[in-house]
Amino acid sequence: MDKANPIGPAETKALREMPAESKGFFNKQRKNDTGLNTRPPSGEKSFFQKLLQQKALVFMSIPFLLWLFIFKYLPLWGWTIAFQDFKPAKKIFDQEWVGLKHFTFLFQDEHFLRVMRNTLAMSFINLVLGFVTAIVLAILLNELRNLMFKRVVQTISYLPHFISWVVAASIISTALSSDGGIINELLLWLGLIKEPILWLGEGEYFWGILGVSEVWKNVGWNTIIYLAAMTMIDPSQYEAAEIDGAGRFQRIWNITLPGLKPVFIILLIMNIGNLLESGFEPQYLLGNGMNVDYSENLDIFVLKYGIQMGNFSLSIAAGMFKTVVSFILLFTANHIAKRLGEERLF
Amino acid sequence: MAKTSDSPRAHARFKSPADRIFDTLNIVFMICLMVVTLYPFLNTLAVSFNNATDSVKGGIYLWPRDFTWENYKYVFNEATIFQATFISVLRTVIGTITSVFCCAMVAYTISRPEYVLRKFVSIAFILTMYFSGGLIPNFLLIRELGMLGTFSVYIIPGLIGVFNVIVIRSFIEGLPEGILESARIDGAGEFTTFMRIVLPLCVPVLATVSLFTAVSQWNSWFDVFLYNSSYTELSTLQYELMKILQNSNSSMNSGNDYASQFASSESGANQVTPTSIRATMTIVASVPIILVYPFLQKYFVQGMTLGGVKG
């Protein structure tokens, strides 16, 4: 790297931080020589002059700003529908405004409250299980002495992350089937149950099944970031601890775990912001009429009311509630981390 | 890097008995983990290669009992599935190329320190990571734009991923400034610099981003379900598999579902069963990914770390 770049990193940085005018100095001189640029080399240029000068960059970003506006910011306008009694037949400006009617309806609706319970329960289970399993697996991987073996385990553990939830759900429902599914066969063989259980047919099992499925699919992937953080820990700390007579478990507890703290906190903030995002695909794909009381979460509620029943207003109210609460949670978590003097997201 | 993680092992020769037990248990645990991860795939693979009527008896674990290609022949002779495979491949290829190119272009503009709109563009993009209009407003937008029932819904709404932009930007900012500067002195415009200098230098990070994008394009079914469910010619492999799954879930063992209609629609009706079709489709839908990802491991691990630290 250094050979390709005769200027050292410090100089590069200085070059980058130089004001744009002085950087373009050589170009300008050349242009002046050929008489292409007649503007006198004044000190500060106005914003528009700079904009004009950088028109190539502007042309390169304008199409994407337009795309961003249409596909990301324009839909926010749809939130107004939550405050209307939206009738698709009527024109946009002829809709009737009803204030907070749909929101008050939501919070009195038993169905919605059950959906909220499911959402929070599944999020919480996923959050705790996800963190604990990923950290434990990362530590255990880090303790493997055979690097070849470690690589093989890692590669295999990433596999389920890359397949779609459709494939995963197909595999999971096959494994849980009451008709020759491996889980039932194994439990029967061990003598733990007398007859096969219809796992996906009993609502009470759903949260557990979902939590385990999420772990199965993502635990390997989630270790990547922790393993990266572990390589940042100064090895001399381990050596010093060893000389002081610290055992392996003590080294993990006193050096490795504290070393993971900054990453852990950043991920925790992000996950708290996503507390109402308990996922959509696994619940939708593994859910059925028999476990709907436990599997239906906020996203499925939004889909059901909006697309299948055509009640746009109520559906958008629920979706908006989700986004706003997530936003508040994210900023609160970030603020608390800042207060406590911890790492934070922004 | 490698050295850092190795050095605690320098003292490995003083292994206590407790250490040995721990190491053995650790290896046993890892083997169990691999079995739990791989078994479902191997089992599905075995069922997909086993004679369909024989599979009904059960007891297929890791190896087909009555080997046959019939299930695969059947699946690929079905016009719907063939068309769906074609659309899946098409959206993966086109979607990945356009998305990665556009992400790189945005990343390049916001990596130029002198660009006056740099702050504005960055913030406009990054803000969208924290909110979204939601399902219905997006659906209404796509409908108003007349994109329902077109191939473009697979490409345009997801054209730019902010996370990908951040990853590429971090990489570009790490490039030696001198290279870009010398291109400019030689009179290259911004676009030429981007195409001729920046893109070739960014190959490692573009590989990472391409992998993420291609996987999500190949795996997505929700946009098909939402926008194109009544346009069978635009269906994808994942969506076809999803329909089979939904029907076998909702009408458990009723024998009256989509896959069995599928099975009996052909004259040789008892050659295939819903179970074997589902297993075969599962394999077809996941094999391209399984074949590719191990070779790109280095890249995606780097990408995750880069994005995780800077994002």
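**Exercise 1. How many salt bridges are there over all chains?**

Start with the rule: a salt bridge here is a side-chain nitrogen of Lys or Arg within 4 Å of a carboxyl oxygen of Asp or Glu. By that rule, the count over all chains is 20 salt bridges. Keep in mind that this is a predicted model, where local features need pLDDT of at least 70, side-chain atom pairs count only at pLDDT 80 or more, and totals for chains, interfaces and linings use all residues. Side-chain values use heavy atoms, without hydrogens and water, residues are numbered from 1 along each chain as its sequence is written, and chains are lettered from A and ligands numbered from 1 in the order in which they are written.

**Exercise 2. Work out what the salt bridge between Asp293(A) and Arg114(A) ties together.**

Step 1: check the gap. The closest N and O atoms of Asp293(A) and Arg114(A) are 3.7 Å apart.

Step 2: Asp293(A) sits in helix H15 (residues 292-295) of chain A and Arg114(A) in helix H7 (residues 110-143) of chain A, so the pair ties together parts that are 179 residues apart in sequence. Helices are DSSP runs (H or I, at least four residues), numbered from the N terminus.

Step 3: look at accessibility. Buried means under 20% relative accessible area, exposed over 50%, and partly exposed in between (1.4 Å probe, protein chains only). Asp293(A) is partly exposed at 39%, and Arg114(A) is partly exposed at 29%.

**Exercise 3. Find where the salt bridge of Arg248(A) and Asp19(B) lies.**

Step 1: Arg248(A) pairs with Asp19(B), their closest N and O atoms being 3.3 Å apart.

Step 2: Arg248(A) and Asp19(B) are both buried.

**Exercise 4. Is Asp54(B) buried or exposed?**

Step 1: find its partner. Asp54(B) makes a salt bridge with Arg65(B), with the closest N and O atoms 3.0 Å apart.

Step 2: Arg65(B) lies in the loop between helix H3 (52-55) and helix H4 (70-77) of chain B, and Asp54(B) in helix H3 of chain B, so the pair ties together parts 11 residues apart in sequence.

Step 3: Asp54(B) is buried, with a relative accessible area of 10%, while Arg65(B) is partly exposed at 46%.

**Exercise 5. Which residues do shared partners join into one network?**

Follow the salt bridges that share partners: Glu143(A), Arg145(A), Arg248(A), Asp19(B) and Asp23(B) end up in one network.

Technical notes: Helix = DSSP H or I, 4+ residues; strand = E, 2+ residues; numbered from the N terminus.
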